[in-house]
Amino acid sequence: MTSFLRVQQWATFARIWHIYDATWQNPFESASVIKNHLMGLHKPIYHPMNDCGDHVVVINSKELALPGDEWRKRVYFHHTGFPGGASWTLAWELHEKDPTAILKKAIYRSMHGNLQRRTTMKRLHIFPDEQIPKEILENISNQIRQIRDVPKQLNSYSEEERQQFPKLVDYPKDYILR
């Protein structure tokens with residue numbers, strides 16, 4: 001085996017570190033994309049009995065966007081194991097307690113009871129904001145594209161851009177805005 005083929009084979013099985021920005025992203029749509037990288041489904045050497053997945057670092061999990069009334073209607077179940085230990089927590093309450101929990105549960109659920117699910121989840125690193133430890137940041141070599149484009153906020157436009165934006169209505173000069 002030549003040294004080139006040896007390096008090529010090593011690179012095929014190496015674990016790559018990916019980063020994903022969860023700002024304004026649906027956690028359930030994001031979970032399927034992140035799951036593919038965690039389990040190695042995007043690699044040509046994937047096999048269900050082969051653990052070839054990569055590390056995924058998720059930032060800004062505090063700024064997730066659930067569709068519609070999901071913040072008020074979605075309920076997460078937990079049981080302590082003791083009689084009467086069942087509890088149901090609304091999505092907004094869980095997000096206030098732990099901003100990483102909703103995305104973590106969505107990714108865990110998307111793996112469909114795989115036997116390697118718990119070891120695969122150890123390669124998932126979720127942070128509520130953009131502050132990542134330096135030792136993790138040094139390893140990141142790829143970025144996963146966001147599913148939705150994040151819209152530009154109104155306060156980030158300059159005054160010139162606001163003046164140049166086409167007007168929909170020209171008010172008369174004697175019109176009083178209330």
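1. A word on terms before the details: buried means under 20% relative accessible area, exposed means over 50%, and partly exposed lies in between. Please keep in mind that this is a predicted model. K152, at 46% relative accessibility, therefore counts as partly exposed.

2. K152 pairs with E161 in a salt bridge, with the closest N and O atoms 4.0 Å apart. In the whole structure, a search finds eight salt bridges.

3. Have a look at K43 and D54, whose side chains form a salt bridge at 2.8 Å, N to O. Both residues sit in the loop between α2 (27–39) and β2 (55–59), 11 residues apart. K43 has 11% relative accessibility, so this residue counts as buried. D54 is buried as well, with a value of 0%.

4. The salt bridge between R72 and D69 has its closest N and O atoms 3.1 Å apart. Here R72 is exposed at 57% relative accessibility, while D69 is partly exposed at 37%.

5. Salt bridges also link R15, D51 and R123 in a network. Two members of that network, D51 and R123, turn up again in the lining of the largest cavity.

6. How many cavities of 30 Å³ or more does the structure hold? There is one, and the volume of the largest cavity is about 40 Å³. Its lining includes M39, Y46, H47, P48 and N114. By residue class, the lining has three nonpolar, five polar and two charged residues.

Conventions: Residues are numbered from 1 along each chain as its sequence is written. This is a predicted model: local features need pLDDT of at least 70, side-chain atom pairs count only at pLDDT 80 or more; totals for chains, interfaces and linings use all residues. Side-chain values use heavy atoms; hydrogens and water are left out. On a 1 Å grid over the protein atoms alone, a cavity is a set of points where a 1.4 Å probe fits but cannot get out, and a pocket is an open set with protein on both sides within 12 Å along at least five of seven lines; lining residues have an atom within 4 Å of a point. Grid points are joined across faces, edges and corners, and a volume is the space filled by probe spheres set on the points. Ala, Val, Leu, Ile, Met, Phe, Trp, Tyr, Cys and Pro count as nonpolar, Asp, Glu, Lys and Arg as charged, and the others, Gly among them, as polar. Helices (H or I, at least four residues) and strands (E, at least two) are DSSP runs, numbered from the N terminus. Buried means under 20% relative accessible area, exposed over 50%, partly exposed in between (1.4 Å probe, protein chains only).
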